[in-house]
Amino acid sequence: MQSNPLISFILPNYNNEYVLDLFFEKFVQNNTYDNYEFIVTDDGSNDNGLQKLYDWQNSRKIKNMIVFAEPHKGIINALNKCLFAAKGDFIIRLDGDATIETRSFVEKFLDFYYINPEKIGVITSKVISDDFILHAAGRSVIQKEGLCDRGKEPREKIGQRKWDFLTKPVKRLYDLIEQPAECDMALGVCTFCDRETALKIGGFDANYPLWVEDDDFYLSFRLHNKKCFYLPDIEICHRFSLRGDRNPDNWKRKTNFLGNLVTVEKFKNSLTYKFVGLSVFKLKSTEVKKKYYLFGIPVFKCFNNSWRNQILRQDYDYWKKKWGFDILNPDVEDIKRRYQGTEVLWQYDENLKKIGQDILDEYQKQKV
């Protein structure tokens, strides 16, 4: 066991100006591990985020901080720029809008990893949104329900799912999220992995424009005989309230024309046109539907073919091409035939399942 391995924190950044100070303040407050480097790639931000990164680099509060400034090429380029520049024994991927809320989190990752370094490849944390709702406790996909955050279940009919985000919390959620567990793969918000396997995989797959790249990357560790675990002892707060245009002060904006007779108000996912203060026309958008209102009365609704949904369709299609199964409506029996003898099927192989349970049992013993 190496007592003081080098840790490489990697951070892709795009338009995170209004949360970066909080992100780094929390990092400084809760990091007690000294042997690290911190590598950031700015993906062509058009806000003041890059300057904030330079400010933090110049502050010397973050050790061995490297900042790459790239043109806007997408998150995969930013991630791989960081990953391939990293020199650490281990990688901890971070997100600029997700703050670390647990002190000595690196030591907690390492304590778990060294229970079985030969088998443990990925360890992920508990991710709570800033409205105190569970975001993720690891991720699952090799199941009839298809892709889900652990702790959630589909709202759509199983076998006929269209979107991975249409989910609801499971019953007895608290019991589930408070226990360490093996899981298929992980969300990349604050996730630990060994660099050697990450390089064997080839980094993050550039065919995913956004989002599903984490699922693909961390599930790929299982093709290299490595396991993935969820560790609730490390908690992350995903700052969704700082999203939108990344400036909460701009979420509610009012534009006047024709004097003060007509105003346009934009607030989060709604756009309202008012005449002398009276709502005349309103558009409300969700991730699935758009609804139109005249004088407060709904008059029309349609599917929201947003840029986000278009990217998700690309993700789903590429996943099927690469992995050979539908990420939302998988044929588990076909997956068993395709991935027989690999860690992908850990849930369905008693020996592989026992190895994972032995790791969890040893961890619980050490905590007593």
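I took helices (H or I, at least four residues) and strands (E, at least two) as DSSP runs, numbered from the N terminus. The model is predicted, with local features needing pLDDT of at least 70 and side-chain atom pairs counting only at pLDDT 80 or more, while totals for chains, interfaces and linings use all residues. Residues are numbered from 1 along each chain as its sequence is written, and side-chain values use heavy atoms, with hydrogens and water left out.

**Entry 1: backbone in loops**

I looked up Asn64 and found it in the loop between α2 and β3 (65–70). Asn64 is not a glycine, yet its phi is positive, at about 50°. I then turned to Arg172, which lies in the loop between β11 (167–169) and α5 (173–177). Arg172 is likewise a non-glycine residue with a positive phi, here about 55°. I noted as background that most residues other than glycine have a negative phi.

**Entry 2: Pro71**

I located Pro71 in the loop between β3 and α3 (75–85). Which residues does Pro71 contact, leaving aside its neighbours within four places in sequence? I found Asp43 and Gly44 (contact means heavy atoms within 4.5 Å) in contact with Pro71. The C-alpha atoms of Pro71 and Asp43 are separated by 5.8 Å, although the two residues are 28 apart along the chain.

**Entry 3: α1 and α2**

I examined helix α1 (residues 17–30) against helix α2 (residues 49–59); their axes come within 9 Å and cross at roughly 25°. Axes are lines fitted to C-alpha atoms, for helices over the stretch in contact, and angles run from 0 to 180 degrees between N-to-C directions. That angle makes α1 roughly parallel to α2 (under 35 degrees, by the definition used). I recorded the crossing of α1 past α2 as right-handed, meaning that the near helix is turned clockwise from the far one by less than a right angle. From α1, Glu17, Leu20, Asp21, Phe24, Glu25 and Val28 meet Gly49, Lys52, Leu53 and Trp56 of α2. I sorted this contact by class into five nonpolar, one polar and four charged residues. Ala, Val, Leu, Ile, Met, Phe, Trp, Tyr, Cys and Pro count as nonpolar, Asp, Glu, Lys and Arg as charged, and the others, Gly among them, as polar.

**Entry 4: α7 and α8**

I next checked helix α7 (residues 213–220) with helix α8 (residues 307–323), which pack at about 20° with axes 11 Å apart. That makes α7 roughly parallel to α8. The crossing of α7 past α8 is right-handed. Asp215, Asp216, Leu219 and Ser220 of α7 make the contact with Trp319, Lys322 and Trp323 of α8. By class, I recorded three nonpolar, one polar and three charged residues in the contact of α7 with α8.

Note on methods:
Angles under 35 degrees count as roughly parallel, over 145 as roughly antiparallel, 65 to 115 as roughly perpendicular and the rest as oblique.
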